[in-house]
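Hi everyone, thanks for coming.

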Amino acid sequence: MSEATMNRKAALVARLRHLLLFAALGGVGTLAQYAVLISLVQSGLAGPVAGSCAGFVVGGLVNYQLGRRLVFRSSKPHGEAMAKFFTVAGIGLALNALLMTLLTGPLATPYLPAQILVTGLLVLWHYAGNALWTFRAAHPARPPTQG
């Protein structure tokens with residue numbers, strides 16, 4: 001196996017481990033989201049979509065701190081990182097609301113299975129947005145190689 005192939009494999013394994021860490025720590029925010037969702041829906045204070053959106057915001061606040069400190073170990077200033085994080089999260093919130101509306105409305109899916117499906121779909125969105133934009137470290141310019 002060539003060195004380039006081994007390097008690509010090592011990079012892929014590292015990215016998969018990072019994604020698993022993101023998902024595992026994101027589980028804490030997801031638990032917060034589901035606690036709010038279930039509490040609001042079961043108490044009759046909100047329907048599934050509003051409860052999901054309220055929970056999403058709570059989970060997002062938890063996930064910002066965990067993502068910044070433990071997953072991405074970012075040194076970006078909070079102002080920059082937070083603005084980018086909540087831009088990614090805002091798009092995720094809109095997708096969450098749209099999908100929950102579709103699933104619990106016309107498709108008549110019970111709200112918890114619907115939320116589990118939506119959460120699974122949005123993990124990849126949030127990881128990509130945060131890894132590639134929010135917390136991405138600036139790379140110093142490399143000198144051109146002589147060929």
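Helices here are DSSP runs of H or I with at least four residues, strands are runs of E with at least two, and both are numbered from the N terminus. Before going further, please keep in mind that this is a predicted model, where local features need pLDDT of at least 70, side-chain atom pairs count only at pLDDT 80 or more, and totals for chains, interfaces and linings use all residues. Residues are numbered from 1 along each chain as its sequence is written, and side-chain values use heavy atoms, with hydrogens and water left out.

Back to T30. Its relative accessibility is 23%, so T30 counts as partly exposed. The scale is this: buried means under 20% relative accessible area, exposed means over 50%, and partly exposed is in between, with a 1.4 Å probe and protein chains only. T30 and Y64 are 34 residues apart along the chain, and their C-alpha atoms are separated by 12 Å.

Which residues of α1 are buried? They are F22, G26, G29, Q33, Y34, L37 and V41. There is also a kink of about 30° in α1, centred on G27; the bend at a residue is the angle between axes fitted to the seven residues ending there and the seven starting there. And the length? The 41 residues of α1 should span 60 Å at 1.5 Å a residue, and the end C-alpha atoms are 59 Å apart, which agrees. That expected span is 1.5 Å times one less than the number of residues.

Next, how the helices pack. Two packed helices are described by the angle between their axes and the distance between the axes. The axes are lines fitted to C-alpha atoms, for helices over the stretch in contact, and the angles run from 0 to 180 degrees between N-to-C directions.

First pair: α1, residues 3-43, and α2, residues 48-71, have axes that come within 7 Å and cross at roughly 150°. That makes α1 roughly antiparallel to α2. For the wording, angles under 35 degrees count as roughly parallel, over 145 as roughly antiparallel, 65 to 115 as roughly perpendicular, and the rest as oblique. What kinds of residue make up the contact of α1 with α2? By class, there are 17 nonpolar, nine polar and no charged residues. Here Ala, Val, Leu, Ile, Met, Phe, Trp, Tyr, Cys and Pro count as nonpolar, Asp, Glu, Lys and Arg as charged, and the others, Gly among them, as polar.

α1 also packs with α4, residues 111-134, at an angle of about 140°, with their axes 10 Å apart. That makes α1 oblique to α4.

Then there is α2 with α3, residues 78-104: their axes come within 9 Å and cross at roughly 150°. So α2 is roughly antiparallel to α3. The residues of this contact divide into 15 nonpolar, nine polar and one charged.

Let's turn to the loops. Two residues to look at lie between α2 and α3: F72 and S75. Are they buried or exposed? F72 counts as buried, at 14% relative accessibility, whereas S75 is exposed, with a relative accessible area of 73%. F72 and H18 are 54 residues apart in sequence, and 8.6 Å apart in space, C-alpha to C-alpha.

In the loop between α3 and α4 we find A108. Its phi is near 50°, a positive value in a residue other than glycine. A108 is exposed, with a relative accessible area of 58%.

Finally, have a look at Y127 in helix α4. Y127 counts as buried, at 8% relative accessibility. Y127 and V88 are 39 residues apart in sequence, and 9.5 Å apart in space, C-alpha to C-alpha.
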